[in-house]
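Hi,

Here is the structure I said I would pass on.

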Amino acid sequence: MASYLLRRTAFLVVSLLLAMVVLFFLLRVLPGDPSNALLSVGATKEQIAAAQRQVGSDQPLFQQFVTWFGSLLTLDLGQSFISSLPVGPEIAARLSVTVPLTLLSFGLALVLALPIGFVAAWKADRWYGVALSAFSQLGIAVPVFWVGILLVDVFAITLGWFPSGGFPRDDWSDPTAALTSLALPVVTIAIVMSASISRYVRSATLDVIGSDYLRNARALGSGFARSMWRHGLRNGAVPVISVLGIELATTFLGAVVVESVFTLPGLGSMLLKAIEQHDYPNIQGILFVSTLLVLIVGFLADIAQRLVDPRLRRSISGNA
């Protein structure tokens, strides 16, 4: 297992390095110069040259990459072209909104999806099993921003139970106010995510219910609940864990839509503003941090699969 962890960590580092290269050069092939963020309409040649020297775009492309990469090794994400503020602290401040939003949505989605998916498979021949499956299909088809707008209309505008958007200026110093601001965004994401996850839970549960080992356990006198708990849970959990890792990463990356609907000062709104202003350091920093977090989620999901399934651990030992 230790050798596998080393190989998997090395793969994560290599993937991150490749993502950094692609990220940097992909941004540089886009139309326009990074110095345009500092220039107004009708700028003179002298002003353009001065702006290019300020942002470093007058240097060869490879030298720009080496400079950026060297800064990353010291955990320096650079300074914003627009505000001249360090990118790292700004991203950290925005993560204090995006990360809780993602994790709370993910947790609520699991609370909804696991029982819905299990019952939809267990009672697939009953009307409520069919109804739960139909709910999953409907939830996948509905756009997340439409769910958000609907919740705002009902619970914020009509009933007045929750704020329609925004986040407390003092951040998490008042946890109750912060959680109240995140309530509708969390429910919005959780509804759509739970519909997707419940389909995978249903599929994995159906595979377990139809398996020979479960039928043999029940034939030997073990009840359905006991058989599922002792023999079916781990086998059904392996494919679901992989999907959960993907869903968590997708939720983090897709938070930009929900943050826009609810005007949350998270990483997504920061990215949209940086793109609008052509603020390359902010764009690069946000995409770098997002890529790193997604790779870490995939790494942890892969490790969790091998901890749950002994067969995968044996295959690792055999390969070693």
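T263 is exposed, as its relative accessible area is 52% (exposed means over 50%, buried under 20%, partly exposed in between, with a 1.4 Å probe and protein chains only). You'll find T263 in the loop between α9 (224-261) and α10, and its phi is near 45 degrees, a positive value in a residue other than glycine. Before you dig in: this is a predicted model, where local features need pLDDT of at least 70, side-chain atom pairs count only at pLDDT 80 or more, and totals for chains, interfaces and linings use all residues. Residues are numbered from 1 along each chain as its sequence is written, and side-chain values use heavy atoms, with hydrogens and water left out.

L75 also has a positive phi, near 60 degrees, and is not a glycine. L75 sits in the loop between α3 (61-73) and α4, and with 77% relative accessibility it counts as exposed. (Helices are DSSP runs of H or I, at least four residues, numbered from the N terminus.)

Now α3 itself. Its 13 residues should span 18 Å at 1.5 Å a residue, and the end C-alpha atoms are 19 Å apart, which agrees (the expected span is 1.5 Å times one less than the number of residues). Buried in α3 are Q64, F65, W68 and L72. These cover an arc of only 95 degrees around the axis, so they are on the same side of α3 (the arc is that of the directions from the helix axis to the C-beta atoms). F62 and L73 are exposed on the other side.

The buried set in α5 is G129, S133, S136 and G139. Down the axis they fall within an arc of 120 degrees, so they line one face of the helix. W127, L138 and A141 are exposed on the other side of α5.

Last, a helix pair. α4 (residues 87-122) and α10 (residues 267-277) pack at about 135 degrees, with axes 8 Å apart (axes are lines fitted to C-alpha atoms over the stretch in contact, and angles run from 0 to 180 degrees between N-to-C directions). That makes α4 oblique to α10 (under 35 degrees is roughly parallel, over 145 roughly antiparallel, 65 to 115 roughly perpendicular, the rest oblique). E90, I91, R94, L95 and T98 of α4 meet L267, G268, S269 and M270 of α10 (contact means heavy atoms within 4.5 Å).

Cheers

How values were computed. Helix = DSSP H or I, 4+ residues; strand = E, 2+ residues; numbered from the N terminus.
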